[in-house]
Every structure is written in C-alpha cells, then in structure tokens.
Amino acid sequence: MILTIAVQLGLAMMTLALLLNLWRLMRGPDTSDRILALDTLYINTIALLVLLGIHFDRQAYFEVALIIAMMGFVGTAALCKYQLRGDIIE
C-alpha cells in the first residue's frame with residue numbers, strides 16, 4: 001500500500017521534472033544550459049523508467065533504463081566536446 005502510493009507520487013514528480021526539463025531545453029539562454037537540461041532529461045527519464053518497472057513489475061523497463069543511461073552519457077560527452085572544440089572526432 002505504501003509502496004504503491006510512493007511510486008505514484010514519484011511518477012507524478014518525475015513527470016513534472018520532465019516537463020520542466022523540456023521547458024529549459026526549449027528556452028535555455030545558451031547552449032551549455034540546453035546541454036545540461038538534456039543531461040538532466042536523460043537522468044529523469046531513467047528514474048521514470050525505474051519507477052514504471054517497479055509499478056508494473058516488469059524487467060524490460062530496467063533494461064531500457066540502462067540503455068538510455070549509456071546513450072545519454074555518450075551523447076552528453078559528445079555534445080560537450082563539440083561545444084568546446086568544434087568537432088567530436090580528432
């Protein structure tokens with residue numbers, strides 16, 4: 001009972017956080033703020049998928065969260081490197 005309420009509250013809060021991240025991504029004052037918003041969006045998506053995995057008791061959500069975590073890290077590192085140097089591959 002308490003776990004169900006906590007998961008539903010967490011889902012609502014993660015949804016709100018995702019919407020706020022999207023707002024920052026669209027209206028970020030500069031590129032570094034948008035990259036930070038995108039990185040935070042990845043992290044909040046991972047948290048949302050883990051909560052959905054707990055709620056629906058499915059293992060597939062955890063695997064998808066792991067894949068998004070790996071791709072999010074690589075994407076953020078590539079965007080930061082592109083912003084600093086102008087290219088990704090030296």
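1. Residues 60–80 are 100% helix and 0% strand, with end C-alpha atoms 30 Å apart. The stretch is one of three that UniProt, in an unreviewed entry, annotates as "transmembrane region": 6–23, 35–54 and 60–80. UniProt positions are given in the numbering used here, feature names are shortened, and such annotations may be inferred rather than shown by experiment. Residues 6–23 are likewise 100% helix and 0% strand, and their end C-alpha atoms are 26 Å apart.

2. A note on the basis of these values. This is a predicted model, in which local features need pLDDT of at least 70 and side-chain atom pairs count only at pLDDT 80 or more, while totals for chains, interfaces and linings use all residues. Residues are numbered from 1 along each chain as its sequence is written, and side-chain values use heavy atoms, with hydrogens and water left out.

3. The expected span is 1.5 Å times one less than the number of residues. Just after α3, G86 takes a positive phi of about 90°.

4. Which residues of α3 are buried? They are A65, G72 and T76, where buried means under 20% relative accessible area, exposed over 50% and partly exposed in between, with a 1.4 Å probe and protein chains only. The buried residues of α3 pack against α2, residues 31–56; contact here means heavy atoms within 4.5 Å.

5. T76 lies in α3 and counts as buried at 13% relative accessibility. Its side chain reaches the backbone oxygen of G72 at 2.9 Å. A polar contact is a pair of N or O atoms within 3.5 Å; within protein, one must be able to donate a hydrogen and the other to accept it, and residues adjacent in sequence count only if both atoms are side-chain atoms. Leaving aside neighbours within four places in sequence, T76 is in contact with I35, D39 and Y42.

6. In α2, the buried residues are I35, A37, L41, N44, L48, L49, L51 and G53. The buried residues of α2 pack against both α1 and α3. The 26 residues of α2 should span 38 Å at 1.5 Å a residue, and the end C-alpha atoms are 37 Å apart, which agrees.

7. The C-alpha atoms of L16 and N44 are separated by 9.9 Å, although the two residues are 28 residues apart along the chain.

8. The largest nonpolar core has seven residues: V7, L11, M14, L18, L41, L48 and L51. α1 (2–27) and α2 each supply at least two residues of this core, and the largest share, four residues, comes from α1. A nonpolar core is a set of buried Ala, Val, Leu, Ile, Met, Phe, Trp, Tyr and Cys residues joined through side-chain atoms within 4.5 Å. Not counting residues up to four places away in sequence, M14 touches N44, A47, L48 and L51.

9. What lies between α2 and α3? The loop there holds D57, which is exposed, with a relative accessible area of 66%. D57 has a positive phi of about 55° although it is not a glycine. Most residues other than glycine have a negative phi.

10. There is one aromatic pair, counting rings of Phe, Tyr and Trp (its six-membered ring) with centres within 6.5 Å; planes under 30 degrees apart count as stacked, over 60 as edge-to-face and the rest as tilted. The ring centres of F56 and Y61 are 6.1 Å apart and the planes are at 25°, so the pair is stacked. F56 is partly exposed, at 44% relative accessible area; Y61, at 26% relative accessibility, also counts as partly exposed.
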